[in-house]
Amino acid sequence: MKGIIKAVLFDLDGTLLDTAPDMANAANNVLKDHGLPPLKPEQVQALTSHGARGLLKAGFGNALEGKNIDELRLAFLDHYATSICIDTNLYAGVNELLNGLSEKGIPWGIVTNKPGFLTGMLLPYFPELLQARTIVCADTTPHAKPHPAPLLHGASILAIAPEQCLYVGDIENDIVAAKAASMYSAVAGWGYIGKDDDPCLWEADLIFNKVEEILSLF
């Protein structure tokens, strides 16, 4: 695989950024508004990368019946936008990884299912992420992951054939999207993987346990 991969595309939540504390806080505020208890830590760990809907469905459980999930999601987005970067941080080693890729002349970008307006609010807190050659959000293309369209769009901006790109993400849908886009796929083993998830069953090309392992490909 060395020498074949010419570019790297990354998921955002659970891959480059640990956004769980702030996303969980937003979800918990919605739950509190409806008289429900906060999410359990294991729910936050397993579902942050599934976004607002994943967190809210877990938190509401049976109480979701009769409620409009789209309205609840909008309430989540309002809470999240007001406190988008209180406890969010880069994962350890990400800055070094991105610098290393740049030094080696490997273009990299971000392909996330986070809405564009939230991504635009969050990334300025992390100038190193703004160095991405492309930033593709949930609403950049007509389809979000696991559809391959966002990944293919990212590859086209980098001017690298999909077959020469690696996509790194922390949930199975990321691997599904990479395969559909004919990209190499890798699991970010440090991300939001629930105790019931088994990345070995996702049929990814690679599983990285530490951020710095990615540089070994180059």
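The legends below describe close-up views of a predicted model.

In this predicted model, local features need pLDDT of at least 70, side-chain atom pairs count only at pLDDT 80 or more, and totals for chains, interfaces and linings use all residues. Residues are numbered from 1 along each chain as its sequence is written, and side-chain values use heavy atoms, with hydrogens and water left out.

**View 1. An open sheet is formed by six strands with parallel pairing.** The strands (DSSP runs of E, at least two residues, numbered from the N terminus) follow the order β5-β4-β1-β6-β7-β8, and two strands pair if DSSP finds at least two bridges between them. Because β5 (135–136) and β8 (206–208) stand at the edges with a single partner strand each, one side of each is left without a neighbour in the sheet. Strand β4 (residues 108–111) runs parallel to β5 and is joined to β5 by two bridges, and Ile110 has Ile135 in β5 as its bridge partner.

**View 2. Helix α8 packs on the sheet.** Helices are DSSP runs of H or I with at least four residues. Helix α8 (residues 172–180) touches β6 (165–169) and β7 (184–188), where contact means heavy atoms within 4.5 Å.

**View 3. The peptide bond from Lys145 to Pro146 is cis.** Its omega is near 20°, and Pro146 belongs to the loop between β5 and α7 (149–158).

**View 4. Ala159 is a residue other than glycine with a positive phi.** Its phi is near 60°, and Ala159 sits in the loop between α7 and β6. With a relative accessible area of 65%, Ala159 is exposed (buried means under 20% relative accessible area, exposed over 50%, partly exposed in between, with a 1.4 Å probe and protein chains only).

Methods
Axes are lines fitted to C-alpha atoms, for helices over the stretch in contact, and angles run from 0 to 180 degrees between N-to-C directions.
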